[in-house]
Amino acid sequence: MIRVFVVDDQDLVRTGTVMVLQAQPDMEVVGEARDGADALARLRAVQADVVLMDVRMPRMDGVAATRELLAGVPGAPKVIVLTTFDLDEYAFAALRAGASGFLLKDAPAEEMLAAVRTVHEGDAVIAPSTTRRLLDHVAPTLPTPGPDPLTDREREVLRHIAMGQTNAEIAGLLFLSEGTVKTHVGRILAKLELRDRVQAVIWAYEHGLARPR
């Protein structure tokens, strides 16, 4: 069972999300909270695999809660940020704080459920076009690129990751085996000390390997 915790200050939205999750045979809602501070307190008492975190809330927003929840904590739950519009700098800040992706609140239930399963399996939610649009939007405010420890091939793989392509798609484009691409991805994450592919995409934008369309 995937243990999910839901954080949203809107009671109706939170209740509806819980109902959808509880109806799944492979998911269990282990708790819910109205703001980040309440979530952090409750998460100390329960074990969650995935947290659905509203990004804009009173008292403590989803960015601060995500940062504190994930800061140097082994085995911390994965966080998916929920936002009402796709060009939300709060959502980008949450990704930089360690969230594994973000979804729009009006996304279909099937997309939310797929995202929960994806991050639980260890991947990140980077495929939706809204993630790329968000990074394009904030790219002009990112710092000046610096040197990096990657090889030319690793940079090439990272550019494709930043475009939201899967390992299989990258393998086809670069005429490599999927296993070789997976090895390159692992080395990229290890060298750059990144959590997952979302962090890799952000790094690529911050260091000039990916640019706004």
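**Entry 1: Asp54**

I looked up Asp54 and found a relative accessibility of 3%, so I put Asp54 down as buried, the cut-off being under 20%. I note that this is a predicted model. Asp54 sits in strand β3, which covers residues 50-54. I then checked the UniProt record, where an unreviewed entry lists Asp54 under "modified residue: 4-aspartylphosphate".

What does Asp54 touch, once residues up to four places away in sequence are left out? I wrote down Val7, Asp8, Asp9, Gly62, Leu82 and Lys105.

**Entry 2: Phe92**

Next I went to helix α4, residues 89-96, which contains Phe92. Is Phe92 buried or exposed? I found 7% relative accessibility, and therefore Phe92 counts as buried. I also took a distance from Phe92 to Val81: the C-alpha atoms are 9.5 Å apart in space, and the two residues are 11 apart in sequence.

**Entry 3: helices α8 and α9**

I turned to two helices, α8 (residues 167-174) and α9 (residues 178-192). Their axes come within 8 Å and cross at roughly 110°. Angles of 65 to 115 degrees count as roughly perpendicular, so I recorded α8 as roughly perpendicular to α9. The crossing of α8 past α9 is right-handed.

Which residues make this contact? On the α8 side I listed Asn167, Ala168, Ile170 and Ala171. On the α9 side I listed Glu178, Val181, Lys182 and Val185. Sorted by class, the contact has five nonpolar residues, one polar residue and two charged residues.

**Entry 4: His184**

I stayed on helix α9 to look at His184, which lies in this helix.

**Entry 5: the whole chain**

Last, I looked up totals for the protein chain. How many helices and strands does the chain have? I noted 10 helices and five strands. The chain has 213 residues, and 51% of them count as buried. I also looked at contacts with a separation of 6 or more in the chain: residues 24 or more positions apart account for 67% of them.

Terms used
Residues numbered from 1 in each chain as written. Predicted model: local features only at pLDDT ≥ 70, side-chain atom pairs only at ≥ 80, totals over all residues. Heavy atoms only, no water. Axes fitted to C-alpha atoms, helices over the stretch in contact; angles between N-to-C directions. Helix = DSSP H or I, 4+ residues; strand = E, 2+ residues; numbered from the N terminus. Parallel < 35°, antiparallel > 145°, perpendicular 65-115°, else oblique. Left-handed = near helix turned anticlockwise from the far one by under 90°. Contact = heavy atoms within 4.5 Å. Nonpolar A, V, L, I, M, F, W, Y, C, P; charged D, E, K, R; others polar. UniProt positions renumbered as here; feature names shortened; annotations may be inferred. Buried < 20%, exposed > 50% of the residue type's maximum accessible area, 1.4 Å probe, protein only.
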